[in-house]
Amino acid sequence: MNWGTVSLALRNLLRNRRRSVMTLFAMTIGLVAVLLFGGYVRDINYALQSDFVRLSGHLQVQHRDYFLYGSSNPSSYGIRDYERILELVKHDSVLAPMLEVATPMLQFGGIACNFAAGVSRTVYASGTVVEDQKRMRDWNDYGLRILSKRLSLAGTPPDAAVIGTGVARVLQLCSALRVPDCASAPVADAPQGAALPDDIAALAAGQAPAPAASGAAPTRIEILATNSRGAPNVGTVNVVRAEYQGIKELDDVYLALHLAQAQRLIFGAERPQVTAIALQLHHTAQLPAARKRLQQLLSTSLKGEPLAVIDYETLNPFYGQTLGMFAAIFGFISVLIGGIVLFTVGNTMSMAVVERTTEIGTLRAIGLRRGGIRSMFVVEGLVIGVLGALLGIVVAIAAASAINQMGMTWTPPGRVEPVALAVRVAGEHRMMLASAAGLVVVAALSAILPAARAARMNIVDALRHV
C-alpha cells in the first residue's frame with residue numbers, strides 16, 4: 001500500500017461526505033466508550049492496588065505455613081529472628097534501592113472487653129510500628145486523588161489503640177468516642193461502673209495505662225488473648241479513636257495497637273515475634289525483581305528458616321477477583337461495540353460498491369485486476385478506521401480530563417465512605433494502542449465482503465449498470 005492508494009481512498013470517502021462523517025462519528029463514539037470504560041477500570045485497578053499496598057505492602061515475608069494455618073496461632077507460626085531478617089533486607093545491595101518501607105507486623109485474634117459496661121466482643125488485632133505504617137499510607141505511585149484520613153495511631157502513647165465503629169458500638173463507647181450515627185444502647189443487666197474482676201485484674205497487673213484526665217470520657221478497655229504458652233493474657237489499652245473501616249465485616253472486629261503492646265500480650269516476657277515483615281517498594285513494577293532477590297536470600301543467607309514470600313495479590317484474593325470481573329465486562333462491551341462498528345462500516349462499503357458499479361466496470365475494462373478492486377475498498381476501510389481511531393483517542397483523552405476535573409466520588413459495593421471517581425486514559429498507551437488497533441482491524445474486516453463482491457462483478461454487467 002503506497003501513498004497514492006491512500007490518497008485515492010481519501011478522495012473516494014469524500015465523495016459522500018455525509019455518509020463518511022456519520023460512519024466516522026459512530027466509530028469515534030464507540031472507541032471513546034471503550035476507552036472511557038477501560039480508563040475507569042484501570043483507575044479502579046490502581047486504587048485497589050494502592051489500598052492493599054498501603055496496608056500490607058507489596059510483599060510479605062511470613063512463616064511458610066502462616067497464610068494457610070497460622071492466623072489463629074501467631075506464636076507457633078511467627079518469625080522468631082525478625083530483627084536480623086529486617087536488617088538483612090534493609091541493607092541488601094539489591095533490595096535496599098527498591099524499598100520504600102520494611103516493617104514488622106503482628107496479627108492475632110482476641111476478645112475486647114469493657115467491664116465497666118459489662119460487654120465484650122471478639123476482635124482481630126493488628127500490632128504495627130506506627131511510624132512505618134504512617135509512611136506506608138503515604139505511598140501514591142499512581143498519583144491518585146486520596147480521600148482517606150491520616151493514621152489515627154500516629155503520635156499516640158504506646159498504650160493507645162484504635163477500634164472500628166462496630167467494635168465501639170458493641171462495647172458501648174459511642175458517646176465516649178463521639179462516633180457519629182452510633183448510639184450506645186443501654187444493656188439491661190450491665191453492671192455500670194463495675195471494677196475489673198479480681199482474676200482479670202491480676203492478669204492485667206502492671207499493664208494499665210495512665211488514668212484519663214479529670215472529666216474525660218472513659219475509653220479504657222481490656223484485651224484478652226492467648227499467650228505463647230496457651231494461657232490467657234490481658235492487656236489494658238486506652239482507645240483514642242473509633243474509625244469506620246469501609247467494610248462492615250472488618251469494622252466489626254478491627255483493633256489496631258502499637259507493636260510492642262501487641263507483643264506483650266502474646267509473648268509476655270519471652271522473646272517477641274512477628275507474623276509478617278511487610279515490604280513496600282517504590283514502584284509496583286519492581287515487584288518481580290524484589291521477589292526474585294528475596295527467594296535468593298531465603299536459599300542462601302536465610303537458608304533453614306521456614307519462611308515464604310507472598311505478594312499482595314495472594315494476600316488479597318478479592319483484588320484478583322475484582323479485576324477478573326471488570327476484565328470480563330470490558331471484553332463484553334468491546335465485542336458489542338466492535339460488532340456495531342463492523343456492521344456500520346460494512347454497510348458504508350456496500351453502499352459505496354453499489355454507487356460505484358459503473359466505475360468498477362470501467363476500471364476492470366482498462367485492465368485493473370480483481371485484486372486491485374479488492375484492495376481499493378479494503379484500503380478505504382483501513383483509512384476510515386485509522387481516522388476514527390485517531391479522533392477517538394483525542395476525544396477520549398479530552399473527555400477523561402473533563403471528568404477528572406469534576407472531582408466526583410462514588411461508593412463501591414460493601415463500603416459506606418466515598419472514594420474518588422476518575423478515568424485514567426492519558427498515559428495508558430498500551431490500552432489506547434490495543435483499542436485503536438482493534439478498531440482499525442474491525443474496520444478493515446468489515447470492508448472485505450463488499451470488496452470481494454466488487455471484485456467478482458462481470459465487466460459487461462457493471463458497465464451497463466444504471
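Trainee: How many residues of helix α9 are buried?
Mentor: 7 of the 9 residues in α9 (residues 259-267) are buried, so the helix is mostly covered. Buried means under 20% relative accessible area, exposed over 50%, partly exposed in between, with a 1.4 Å probe and protein chains only. Helices (H or I, at least four residues) and strands (E, at least two) are DSSP runs numbered from the N terminus.

Trainee: Where do these numbers come from?
Mentor: It's a predicted model: local features need pLDDT of at least 70, side-chain atom pairs count only at pLDDT 80 or more, and totals for chains, interfaces and linings use all residues. Residues are numbered from 1 along each chain as its sequence is written, and side-chain values use heavy atoms, leaving out hydrogens and water.

Trainee: OK, which residues of α9 are the buried ones?
Mentor: Leu259, Gln261, Ala262, Gln263, Leu265, Ile266 and Phe267.

Trainee: And what comes after α9?
Mentor: Glycine 268, with a positive phi near 55°.

Trainee: Switching to β7: why is it largely enclosed?
Mentor: Because 5 of its 5 residues are buried. Tyr254, Ala256 and His258 sit on one side, Leu255 and Leu257 on the other. In a regular strand, side chains alternate between the two faces of the sheet.

Trainee: Which way does β3 run against β7, parallel or antiparallel?
Mentor: Parallel, with 5 bridges joining β3 and β7; two strands pair if DSSP finds at least two bridges between them. Alanine 125 stands opposite leucine 255 of β7.

Trainee: What about β4?
Mentor: β4 (residues 160-164) runs antiparallel to β7, joined by 3 bridges. There, valine 162 stands opposite alanine 256 in β7.
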